[in-house]
Amino acid sequence: MQDSFSATQSEPAALDVNNVAFRYGKKNALTGLSMHISPGELVMILGPNGAGKTTLFSLICGLFSPSTGTISISGHPLLNNRSKALAPLGIVFQSQTLDLDLSVSQNLFYFCELHGIPRKLAKQRIEIALKRMDLHSRADDKVRALNGGHRRRVEIIRSTLHEPSVLLLDEPTVGLDIPTRAELLEYVRDLPETHGCAVLWATHLIDEIRSTDRVALLHDGRKHHDGIAQQLVNENGATDLPELMRMSGLPA
C-alpha cells in the first residue's frame, strides 16, 4: 500500500486519524485507516459510494466513536477532549441543512451567533464571503428561492465563518451541473490560502481530481493509496487515475 503521508511527520497535524476501525453491526465500515493532514493542506478522498467516506467524516465529527483507533483535531484528542477537538472543525454534509424559510443572511448570522462571533465581526465576514461567492445580491432572499448550486455556496460560506482549522466536505457537488461543480471546487481549493484551513473533499467523481492533488483512494473501508495523484499513477505503472483504480480493484 502506498502511503507517503504517514502520521510520523514532524509537522503538527490539523487532523490525525490513527488506525481507526468502525463496524455497523457485523459489517466492517472502516478498517485500520490512518491519515495525517497538515495545516493548510487539501486532500481529496476518492472512492465509490459505500467506500467509507461518510463513515470517516461521521467519526471525525464525533457522531460515532471508533471501534478502535484515535482521532485528533488540531492536537486535541476527540475521545478525551471532545469540545476542544470539535471547535476548530467545519463541515458541509451531503444533505442540505439550511433553514429554507430564513434568508441567506439570517442563516449565516444565526450560525455566527451559535459560535459566539460578535455581530460586527460576523457582518464583516459574511459580506466578504458573499462577495467571493458572487452571492451578495441574494443576501436577503429566502434560501427556498435559491437553486441547488447557490444553496451549496451558502453552506460552504457558513462552514467557514468561524474560521475552522479543518473543513470537511462530504460529496458537496452531488446533483449539481458541471459548471457549478467547477466553480465550487475552485472556491474550496483557495480556502487553504484564504482561510488557512486544511480541507478534506470527499468525492466519487474522478474528474474533480487534479494530477497535483493529494488523493487518498478508499474502497471497502480501506485506504488503498495516498499521495500526489500523478506520482501514484507513475509509481504504479498506470496511464491515469482510472487505470490505477482498476489495477487496485476499485470501481473507476
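Leaving aside neighbours within four places in sequence, with which residues is isoleucine 156 in contact? In this predicted model, local features need pLDDT of at least 70 and side-chain atom pairs count only at pLDDT 80 or more, whereas totals for chains, interfaces and linings use all residues. Residues are numbered from 1 along each chain as its sequence is written, and side-chain values use heavy atoms, with hydrogens and water left out.

Isoleucine 156 is in contact (heavy atoms within 4.5 Å) with Val92, Met133, Leu169, Leu184, Tyr187 and Val188, once neighbours within four places in sequence are set aside. The largest nonpolar core has 46 residues, and Ile156 is one of the members that touch the most others, together with Leu108, Leu130, Ile157, Leu169, Val199 and Val215. Helix α3 (residues 104-114) contributes the most to this core, with five residues. A second, separate core holds 30 residues, including Leu15, Leu30, Leu59 and Leu89. Here a nonpolar core is a set of buried Ala, Val, Leu, Ile, Met, Phe, Trp, Tyr and Cys residues joined through side-chain atoms within 4.5 Å. Buried means under 20% relative accessible area, exposed over 50%, and partly exposed in between, with a 1.4 Å probe and protein chains only. In soluble globular proteins, nonpolar side chains tend to be buried together.

Strand β8 (residues 166-170) is mostly covered, since five of its five residues are buried. From β8, Val166, Leu168 and Asp170 point one way, while Leu167 and Leu169 point the other way. Helices (H or I, at least four residues) and strands (E, at least two) are DSSP runs numbered from the N terminus, and two strands pair if DSSP finds at least two bridges between them. Strand β7 (residues 89-92) runs parallel to β8 and is joined to it by four bridges; leucine 89 has valine 166 as its bridge partner in β8. Strand β9 (residues 198-203) pairs with β8 in the parallel sense over five bridges, and the partner of leucine 169 in β9 is tryptophan 201.

Glutamate 208 lies in the loop between β9 and β10 and counts as buried, at 3% relative accessibility. Beyond four places in sequence, glutamate 208 touches Met44, Thr173, Arg181, Leu185, Arg189, Trp201, Thr203 and Asp213. Its side chain makes a polar contact of 2.6 Å with the side chain of threonine 173. A polar contact is a pair of N or O atoms within 3.5 Å; within protein, one must be able to donate a hydrogen and the other to accept it, and residues adjacent in sequence count only if both atoms are side-chain atoms. Arginine 214, in strand β10 (residues 214-219), is buried with a relative accessible area of 3%, and its side chain is joined to that of aspartate 226 by a polar contact of 2.9 Å.
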